[in-house]
Amino acid sequence: MNVTVRGRTRHYRTVSFDAAKNQVRLIEQRLLPHAFKVVGTRDFRATAVAVRDMVVRGAGAIGATAAYGLAQGARAFRGKDLAKFQAHVEVVFQTLKEARPTAVDPVNAMLDVRRAMSAGTTVAEQQALALAAAAHFADEDVAHCEAIGQHGAKLIRDGMRVLTHCNAGWLAFVDIGTATAPMYAAQAAGRQFHVFCDETRPRSQGATLTAWELAQQGVSHQIIADNAAGFLMWRGEIDLVIVGSDRTLGRTGEVANKIGTYTKAVLAKRHGIPFYVAIPRSTIDWQMKSGRGIPIEERSENEVLGAWGVVARQKEKGERQKSGERAYVRVANPTSGARNPGFDVTPPELITGIITPEGIFKPGELWKHRRKLGGPK
Ligand code: MRU
């Protein structure tokens, strides 16, 4: 995706790897849309912290980060003892896996890397295979998003108003995104449409990240409060919903995605509006048998009780914070606590279709198409 910062346009990937420094390179998403910065993680533990603290977030992006993080950890091992090396790789795997539990992409990505490594017979061979496999995962993520765009673009016709939730854009993947891929493909085909970005409290990924991406890309859009979607649907001002997913169950078609997705799916059903979920193969969990088993991340109550942003106006003389400084503002009643589940689960009967790199399927058809979607026999 091209980013224009201070008048200069350059192509960036959300996640990349600096082999010479053995660092994972990440766009620092907590600073967006107010500042654009790329950071490097010095070791696999720092990479896990970057995932946990959401320097990088979004299913495919943390998948690629985990894949590179595993390669980074493997490459940092000194010595030739294969058994010790494998024990070390297991520690790296678990550390990265625990950083964020709901999305399945990190686990799927790291299993890909470990499978590729097993073809090596020495530590050095396995280290080289790890990096090649991580780079392959990242490239495949981009290719999957591109294919999702080709399949999904036909859903967006001239004049449509499309709702999306959270950020399943290029910042949530290595490039292009999933929910945004059909939008970018429709734009490239010359179609005119308008996107409503749900603000997506409590972390506001819609208001900050999706809106920034769409602005960078020149897509017509507006941010709406999370509570506004039902009213706009009732007024006939939303024609289509496309969201991403952090874990989609291949056996049942249930979709875990950012908190608030389920509510939007219920509303879309009520108003007869098509509701699509766009995913790469790495988001599919082929093992789990029920959405009730998905580990739903409970995040800090501070996210609900307040908000991060930048100071908008010049402060009076003598005050410490200057305009443009990043700040946390407490909004809620000081003596109240909060509950903060990060994700919810949408049942298949509320979903019109799943846009995959291999085509658009009914949620209940994923299992039937598992071979072409990279699932089990
Ligand atoms: O908590 P986040 O920002 O990592 O959540 C992930 C998401 O952005 C969404 O749930 C998204 O819609 C799916 S990830 C491609």
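A polar contact is a pair of N or O atoms within 3.5 Å; within protein, one atom must be able to donate a hydrogen and the other to accept it, and residues adjacent in sequence count only if both atoms are side-chain atoms. By this rule, 18 residue pairs (both at pLDDT 80 or more) are in polar contact across the interface of domain 1 and domain 2.

The model is predicted: local features need pLDDT of at least 70, side-chain atom pairs count only at pLDDT 80 or more, and totals for chains, interfaces and linings use all residues. Residues are numbered from 1 along each chain as its sequence is written, and side-chain values use heavy atoms, with hydrogens and water left out.

**The two domains**

The chain is divided into domain 1 (2–146) and domain 2 (151–295 + 341–365), with bounds that come from an automatic or database domain assignment. Their centres, taken over C-alpha atoms, are 25 Å apart. In contact (heavy atoms within 4.5 Å) are 36 residues of domain 1 and 33 residues of domain 2.

The size of an interface is often given as the accessible area lost when the parts come together. Here buried area is the accessible area (1.4 Å probe) that two parts lose on being put together, summed over both. Between domain 1 and domain 2 this area is about 2800 Å², and carbon and sulfur atoms give 58% of it. Thr102, His144 and Cys145 supply 23% of the area that domain 1 buries against domain 2, more than any other three residues.

The count of salt bridges between the domains is 0; such a bridge is a side-chain nitrogen of Lys or Arg within 4 Å of a carboxyl oxygen of Asp or Glu. On the side of domain 1 that touches domain 2, the elements giving two or more residues are strand 1 (2–5), helix 2 (59–75), helix 4 (105–117) and helix 5 (123–152). Helices (H or I, at least four residues) and strands (E, at least two) are DSSP runs, numbered from the N terminus. Helix 5 gives the most to this side, with 7 residues.

**The ligand**

There are 17 residues around the ligand, and Arg57, Arg100, Asp246, Asn257 and Lys258 come nearest; a residue counts as near if one of its heavy atoms lies within 4 Å.

| Residue | Atom of the residue | Distance |
|---|---|---|
| Glycine 58 | backbone N or O | 3.0 Å |
| Asparagine 257 | polar side-chain atom | 2.8 Å |
| Lysine 258 | polar side-chain atom | 2.7 Å |

**Backbone features**

Most residues other than glycine have a negative phi, and most peptide bonds are trans. A cis peptide bond joins leucine 32 and proline 33, with omega about 5 degrees. Proline 33 is placed in the loop between strand 4 (23–27) and strand 5 (38–41). Asparagine 22, although not a glycine, has a positive phi of about 55 degrees.
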